[in-house]
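These are my notebook entries on a structure that was new to me. I wrote down what I looked up, one topic at a time.

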Amino acid sequence: SVLLALTVLAGCGQPESGASGNDVIKVATDAAYPPFEKQEGNGKITGFDIEVIEAIAKAEGMKVSVKHTGWDPLFEAIKRGKMDVGISAMTITDERKKQFDFSDPYFEAKQLILVPKDSKVKSLKDLKGKKIGVQSATTGAEVVKKAFGTTYPGLKGYDDTPGAIDDLANGRVDAVVADNGVVQDYVKRKLKGQFKTVEDQSFEPEHYGIIVKKGNKELLGKINSGLKKIKKDGTLEKIRNKYFGK
Ligand code: ARG
């Protein structure tokens, strides 16, 4: 039909932003990690990370288009060049550095344990033999494996963090390990006094970074330059205060 042909033509006319030198960068995120990234009822993706990448882009005269890919698909999308940039409360790790190029750090975080309010758990060790929910392929999963072994039968992996937290609320797991900002947000906002957080001295500080496809030096340079600017002019701090207070 004519209409179909027109639609297809219009589709072909869309500017491509996968290549370097374009000013709309395609940003991938797992928008199920509030307050870093979440999807509003109307589909709009908002959050700390989204404001950070928008500010970086603006500082470099670029625009962003943000897409929810999920966590595992995010890494694939960057590797294949389908998306330009990944921002997703992603910890800079040696393992990931082998596969992607990371920006300079923009946020500091730590793992935190989420348990029911009446739990006697004081540290990760106390969860030995218990069921622990984590988002698969995250640093939360790593700290549990480090403590109890990579084949620990109590470790339950989920595609996203809300899935793990739902199962904690249903009693299917005894604890969830995830990033402090996210866990604290749940305790405050959603779980209304039923849950508490537990720290563990063995958890190391983590730093979030933004990834690009390995070797995309041009885009990485712009991101680091924009990041430097928003650190210097106070924009990053302003966004941080908006989401996490002082
Ligand atoms: N910081 C942790 C990691 O890098 C968890 C990040 C999960 N992010 C997300 N949007 N689900 O492994």
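Helices (H or I, at least four residues) and strands (E, at least two) are DSSP runs, numbered from the N terminus. I also noted that this is a predicted model, in which local features need pLDDT of at least 70 and side-chain atom pairs count only at pLDDT 80 or more, while totals for chains, interfaces and linings use all residues. Residues are numbered from 1 along each chain as its sequence is written.

**Entry 1: strand β9**

I began with strand β9, residues 111–116, and found it mostly covered, since five of its six residues are buried. For pairing I used the rule that two strands pair if DSSP finds at least two bridges between them. By that rule β9 pairs in the antiparallel sense with strand β12 (residues 175–179) over four bridges, and Leu114 has Val176 as its bridge partner in β12. Strand β13 (residues 195–198) is also an antiparallel partner of β9, again over four bridges, and there I found Phe195 as the bridge partner of Pro116.

Not counting residues up to four places away in sequence, Leu114 touches a set of residues including Ile165, Leu168, Ala175, Val176 and Phe195.

**Entry 2: the nonpolar core**

Which residues have the most contacts inside the largest nonpolar core? A nonpolar core here is a set of buried Ala, Val, Leu, Ile, Met, Phe, Trp, Tyr and Cys residues joined through C-beta atoms within 7 Å. The largest one has 67 residues, and I found the most contacts inside it at Ile53, Leu114, Ala175 and Val176. Helix α2, residues 48–59, gives the most to this core, with seven residues. Because domain 1 and domain 2 both give residues to this core, it lies between them.

**Entry 3: two domains**

I took the domain bounds as they come from an automatic or database domain assignment. The protein chain is divided into domain 1 (17–108 + 208–244) and domain 2 (111–198), and their C-alpha centres lie 26 Å apart. Looking at where they touch, I found 13 residues of domain 1 in contact with 11 residues of domain 2. On the domain 1 side, β2 and α3 (71–79) each supply at least two of the residues that touch domain 2.

To sort residues I counted Ala, Val, Leu, Ile, Met, Phe, Trp, Tyr, Cys and Pro as nonpolar, Asp, Glu, Lys and Arg as charged, and the others, Gly among them, as polar. The side of domain 1 that touches domain 2 then divides into eight nonpolar, three polar and two charged residues.

**Entry 4: the ligand**

I found 13 residues around the ligand, the closest being Asp30, Tyr33, Ser88, Thr91 and Thr138. Four residues of this shell are nonpolar, six polar and three charged. Both domain 1 and domain 2 contribute at least three residues each to the shell.

**Entry 5: an open sheet**

I traced five strands forming an open sheet in the order β5-β1-β6-β15-β7, with mixed pairing. At its edges stand β5 (63–68) and β7 (100–102), each with a single partner strand, so one side of each is left without a neighbour in the sheet. Strand β1 (residues 24–29) runs parallel to strand β6 (residues 85–86), and two bridges join them; Val27 has Val85 as its bridge partner in β6.

**Entry 6: backbone details**

Where is Pro35 found? I located Pro35 in the loop between β2 (32–33) and β3 (37–39), and a cis peptide bond joins Pro34 and Pro35, with omega about 5°. Pro35 is partly exposed, because 19 other C-beta atoms lie within 10 Å.

Ala89, in the loop between β6 and α4 (94–97), has a positive phi of about 50° although it is not a glycine. Is Ala89 buried or exposed? I found Ala89 buried, with 25 other C-beta atoms within 10 Å. Ala137 likewise has a positive phi, of about 60°, and is not a glycine; Ala137 lies in the loop between β10 (132–135) and α5 (139–148) and counts as partly exposed, with 15 C-beta neighbours inside 10 Å.

Notes: Near = placed C-beta within 6 Å. Buried ≥ 20, exposed ≤ 12 C-beta atoms within 10 Å, placed from the backbone. Contact = placed C-beta atoms within 7 Å.
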